[in-house]
Amino acid sequence: MQAKKSGRIQPTGGRDSMKLAYWMYAGPAHIGTLRIASSFKNVHAIMHAPLGDDYFNVMRSMLERERDFTPVTASVVDRNVLARGSQEKVVDNITRKDREESPDLIVLTPTCTSSILQEDLQNFVDRAQLDARGDVLLADVNHYRVNELQAGDRTLQQIVQFYLEKARKKGDLPTEKTAKPSVNIIGISTLGFHNQHDCTELKRLMSDLGIEVNEVIPEGASVHNLKNLPQAWFNLVPYRELGLMTAQYLEQEFGMPCVDITPMGVVETARCIRKIQQLLNAQGAGVDYEEYIDHQTRHVSQAAWFSRSIDCQNLTGKKAVVFGDNTHAAAMTKILAREMGIHVVLAGTYCKYDADWFKAQVSEYCDEVLISDDNGAIGDAIARLEPAAIFGTQMERHIGKRLNIPCGVIAAPIHIQNFPIGYRPFLGYEGTNQVADLVYNSFTLGMEDHLLEIFGGHDTKEVITKGMSADSDLNWTKEAQATLNQVPGFVRGKVKRNTEKFARERGLSEISLEVFYAAKEAVGA
Amino acid sequence: MTVAQEPTGLNFDCETGNYHTFCPISCVAWLYQKIEDSFFLVIGTKTCGYFLQNAMGVMIFAEPRYAMAELEEGDISAQLNDYEELKRLCLQIKRDRNPSVIVWIGTCTTEIIKMDLEGLAPKLEAEIGIPIVTARANGLDYAFTQGEDTVLAAMAHRCPSKVTSEAEKEERNAIQKLLTFGRKAEETAPTSEPKHPPLVLFGSLPDPVVTNLTLELKKQGVEVSGWLPAKRYTELPVIEEGYYVAGVNPFLSRTATTLMRRRKCKLIGAPFPIGPDGTRAWIEKICSVFGIEPQGLAEREAKIWESLEDYLQLIRGKSVFFMGDNLLEISLARFLIRCGMTVPEIGIPYMDKRYQAAELALLEKTCQEMGVSTPNIVEKPDNYNQLQRIKAIQPDLVITGMAHANPLEARGINTKWSVEFTFAQIHGFSNARDILELVTRPLRRNNSLKDLGWEKLVQEEATV
C-alpha cells in the first residue's frame with residue numbers, strides 16, 4: 001500500500017498530454033458505469049472517491065427529476081483513508097449497504113482516484129463477497145482509457161454476462177424461445193437522451209408489430225430476470241453507443257440475432273422494421289409488415305407529409321451542420337438529406353472511438369465529415385460554413401447563439417431540457433413527427449430572427465421607452481446607479497420603480513446608496 | 001486574542017460518514033465572476049471537468065476566464081514534464097486572454113500524484129510574466145465552499161505589504177511631520193482619516209453586498225481599508241502587520257489563520273453578518289475592538305425584525321433540519337432559531353470550533369433566549385443515517401444538497417437547496433428578507449397546493 005501511494009502509476013503506453021479543455025461531449029468512465037448500475041432496479045453502486053465525486057446523484061436527481069434516492073454511495077476517500085489504506089473502508093461500505101438495503105447486486109465503480117492509487121479493487125470485492133448476501137461485482141473499466149459511453153456499454157455487458165453465467169452454472173437458464181415473437185430492447189438507461197420517451201415509443205411499435213417485449217435493459221430491469229434474455233427471438237439495440245457489446249455477447253453465446261438499425265426518421269424506421277421482419281421470418285414467423293410501414297408512413301406519421309408540404313419545400317437546399325453522438329448525428333444527417341432535401345454541409349461525431357462506422361453511414365449524405373471532440377474545432381467549422389441551421393448538442397446551441405444561427409438539440413450531453421414533461425421521443429413514428437417539428441422550428445426561428453432584425457422588432461414602442469425614463473424627477477447618484485445596474489436585468493425595472501416610489505414618499509430628490517438600501521429594507525425592492 | 005472561548009453547552013458529534021457535498025473546485029463558479037481580471041485553471045481529470053460542466057453548469061458561460069487542464073494518462077504516469085506542459089497551457093491562456101492573474105486550482109489528482117504546483121508556480125510566473133496563485137481545492141481535504149478558503153488563503157500571501165507606497169507616503173508627509181514635532185499621527189490626521197487601525201474584510205461577496213456592509217460599518221465610523229478578494233486582482237488590499245481583519249463567511253478558517261500567522265494580522269472573531277441578529281453582533285464586535293460605541297443598532301435590528309413579520313408568521317414553531325453542505329449551517333440555524341424555528345440537527349462538513357467560536361456562542365445564547373433545545377451538531381454526517389433520522393423526526397423543512405431534495409419532496413418532506421444560500425445575497429441587514437424568502441418558499445408553495453392531496457408522490461412505502 002505504502003509504496004503505491006507515493007508514486008504515480010506505471011507507464012502504460014498512453015502518451016496523451018495535458019490539454020486545455022472547456023467542454024466535454026462525453027463524461028468520464030464512472031458516469032457510464034453508474035448510469036447502468038442505477039438504471040437497474042435494486043442495484044447499488046459504491047464509488048471509491050473523494051468528497052464531491054458522487055455528483056452523479058445530483059445529475060440524476062436534478063436533471064431527470066428522479067423521485068427516488070439515487071442508489072449510489074461514495075465511500076469517501078480523505079487524508080485518513082489515504083494514510084491508512086482504503087480496503088477496510090470500502091469493504092465495510094459494501095457490506096453495510098448490503099445489510100441496509102439488501103440490493104441484489106452491488107457494483108464497485110472505479111474512479112480516477114482509485115485508478116491512480118492503483119488499488120486492487122477486485123480484492124476488495126472478493127473480501128466483501130464473503131459477507132454480503134447479495135452479489136458484488138467490480139466494474140471492469142479503465143478510467144483513463146474509456147469514456148462514459150464505452151464504460152456504460154461494457155458495464156451492461158459485464159452484468160448481463162455475470163448473471164447468465166451464474167444461471168447457467170446453476171442449471172437455471174431457460175433457452176427455449178417464447179411462443180410468440182419477442183424482443184429484448186437493449187440500451188435504455190437513466191440520464192440517456194430522451195431514452196424514456198423513446199422506450200415508450202419502441203414498446204408501442206413492437207406492440208403494433210405483434211412482438212412481445214421480453215426484457216428492457218437496463219432501465220427498470222431486475223438482475224434476476226436477465227437469465228430470461230435468451231428467450232427472446234431477437235435483440236433490438238436502438239442506440240449504437242449503448243448495448244452493442246451486450247448484443248454481440250448474446251449473439252456469440254446464444255446465437256441471438258440483433259437489429260442495430262436506429263429507427264429514427266421515416267426511412268430508417270422502415271428499414272429497421274424490415275430487418276425485424278427478415279429475422280422473424282428466418283425463425284419461421286411469417287410476418288409481413290409492408291402494409292403497416294406504408295400506412296404509418298403515408299397516413300399516420302405527419303413527417304412524410306411534411307416532406308411533401310410547401311413548408312418543407314422552402315427548406316430545399318438550405319445549409320445545415322449536424323453534430324452529435326454517432327446514433328443521432330448519423331440519423332439526423334440522413335433525415336435532413338434524404339427526407340427533407342436539406343443540404344448537409346458537415347456531419348460530425350464526437351464518438352472518435354467509432355469513427356469508421358460514422359463515416360460509412362453519412363459520407364454519401366454530406367459534403368464534409370468531422371470526427372472530433374474539440375468544441376473549438378466544431379465552432380470554427382460552423383463559423384466557416386455559415387449554415388442556416390445547426391443540429392447538435394448543447395455546445396453547438398451555444399455556438400449558434402454566438403453566431404446567431406438557430407440550433408436544434410439532437411444529442412447528449414444531456415441537459416434538463418432533454419427531460420421534458422411532455423412526450424418527446426426521437427425514435428419510431430411519433431419520433432419522426434417530433435424531429436420534423438424540431439427541423440421546421442429551427443429554420444423558421446432563424447428566419448424570424450432575420451425579419452426582426454430588418455424591421456427592428458415587433459414592439460417598436462418598447463424600444464423607445466427602454467432605459468432611464470425621461471420624466472423621472474429623481475436623481476440617482478453614480479454609486480446608486482452602478483449598484484442598480486448590478487441588479488439582474490429582469491427585476492431591475494421593478495427595483496428602480498420601488499426605490500423611486502420610496503424616495504418620493506419621503507420627499508427625497510436624490511437616490512444615494514443609503515436610500516437604495518433603505519428602500520430595499522423597507523419595501524423589499 | 002479576540003477569539004472567543006469555545007462554547008461548552010453545545011453537543012458535537014462526528015459521524016465521519018458517507019455524505020455528499022459539491023467538490024471544492026466549484027468555487028471557480030463564483031470566484032471567476034468576482035475577480036474580474038482572473039483566469040482559473042483547474043488542473044484535474046475528466047471527472048472534475050464533467051462536474052463543473054454538468055452539475056455546476058459553469059463551463060459554457062465561464063469559458064473566457066476558466067478552463068480545465070485535463071490530465072491524461074501521460075501526465076499521471078509522469079512520462080511528461082509537468083512544468084513544460086503547464087507552461088504550454090499558461091502561454092496559451094496568456095495569448096488568448098491575457099489575465100492579470102492565473103489561479104491554479106489543484107485537485108485530488110494533483111494531490112495524489114504529488115504534482116508540485118507550489119514549486120512550479122513561482123518559476124513559471126517569472127518566465128511568463130503573469131502572477132500564478134496556487135490553491136489546493138481538493139476533495140481529500142476540503143468540502144464545497146472551503147474551495148474559496150483555499151483560494152483566498154493563497155491570495156492573502158499576494159496582498160501588497162505597502163512597502164513602496166509607504167515610502168511615498170512618508171515622502172509626502174515629510175513637511176507635516178516636521179511641523180508636528182513627532183506628535184502622534186492620530187492627533188494630526190485629517191478628520192476623514194479613520195480613527196482606528198486599518199481593517200480588512202475577507203470573503204467573496206457580490207459587489208452590492210460588499211458596498212452594503214462597507215456602508216453599515218461606515219455609519220458607525222469604521223472605515224474598511226479593503227476587501228479580500230477585491231473586484232480585480234490588481235486591487236488586492238494592502239495588508240501590513242498589525243492590521244485588523246474580519247471574515248464575513250464561516251468557511252474561511254484557513255484564510256483567517258494565514259492572515260494571522262503569515263501576515264501578522266489581528267483577527268476579529270465575531271458571529272457572521274447573516275440575519276439581523278448576526279449582522280448586529282458582527283458590527284458590534286468590530287466596533288468594540290476599535291473602542292467605538294455603536295449607534296442605533298438595536299433600533300436598526302428591531303426595525304428589520306418588524307419588516308420580517310409576515311414571513312416569521314409562516315415559520316414560527318416549525319422545525320428545520322440541516323443535512324450539511326456549505327458550512328453556512330451554524331449561522332443560518334442561529335438566525336432561524338431567532339426567527340422562532342427549532343433545529344434538531346445541524347449537519348456540517350467541517351467544524352472549526354475556534355474560527356466559528358463567536359458564532360457558536362451566539363447560537364447557544366440564542367437557543368437559551370428563545371427557550372429551545374440546542375441542536376445536535378454533526379460533523380461529516382452520514383447521509384443514510386440522516387435520512388433515517390429525518391424519517392423519524394419528520395421536520396417541517398430540510399435544508400439539503402441537490403442530490404436529496406427531489407426524493408425527499410416526493411416523500412412529502414419540504415426541502416430547500418442549501419446551495420441557494422451559497423449563491424443568494426444573504427449577508428447584512430437588508431438581505432435578511434431574502435433568506436426568509438428562500439426558507440419560506442417551500443412552505444408557501446405547499447400552502448397554495450395543500451388542498452390537492454398530492455403530498456406523497458412515490459408508490460411504495462418510502463424507504464427513506
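The model is a predicted one, in which local features need pLDDT of at least 70, side-chain atom pairs count only at pLDDT 80 or more, and totals for chains, interfaces and linings use all residues. Residues are numbered from 1 along each chain as its sequence is written, chains are lettered from A in the order in which they are written, and side-chain values use heavy atoms, with hydrogens and water left out.

Helices (H or I, at least four residues) and strands (E, at least two) are taken as DSSP runs numbered from the N terminus. Strand β6 of chain A, residues 182-188, is mostly covered, seven of its seven residues being buried, where buried denotes under 20% relative accessible area, exposed over 50%, and partly exposed the range in between, for a 1.4 Å probe and protein chains only. Strands are considered paired if DSSP finds at least two bridges between them. By this criterion β6(A) pairs in the parallel sense with strand β7 (residues 212-218) of chain A over six bridges, A:I185 having A:V216 as its bridge partner in β7(A). Between β6(A) and β7(A) the chain passes through helix α9 (residues 195-208) of chain A in a right-handed β-α-β crossover, that is, the path from the first strand over the helix to the second runs clockwise with the strands pointing away from the viewer. A parallel pairing over three bridges also joins β6(A) to strand β8 (residues 234-236) of chain A, in which A:N235 is the bridge partner of A:N184.

Rings of Phe, Tyr and Trp (its six-membered ring) were paired if their centres lie within 6.5 Å, with planes under 30 degrees apart counted as stacked, over 60 as edge-to-face and the rest as tilted; over all chains this rule gives 20 aromatic pairs. The rings of A:W476 and A:F516 form an edge-to-face pair, because their centres are 6.2 Å apart and their planes stand at 65°. Since A:W476 lies in strand β15 (residues 475-476) of chain A and A:F516 in helix α23 (residues 513-523) of chain A, the pair ties together parts that are 40 residues apart in sequence. A:W476 counts as buried at 9% relative accessibility, as does A:F516 at 6%.

In chain B, the rings of B:W30 and B:F144 are likewise edge-to-face, with centres 6.1 Å apart and planes at 75°. B:F144 is buried at 0% relative accessibility, and ring pairs link A:Y55, B:F22, B:W30, B:F51, B:F144 and B:F423 into a cluster.
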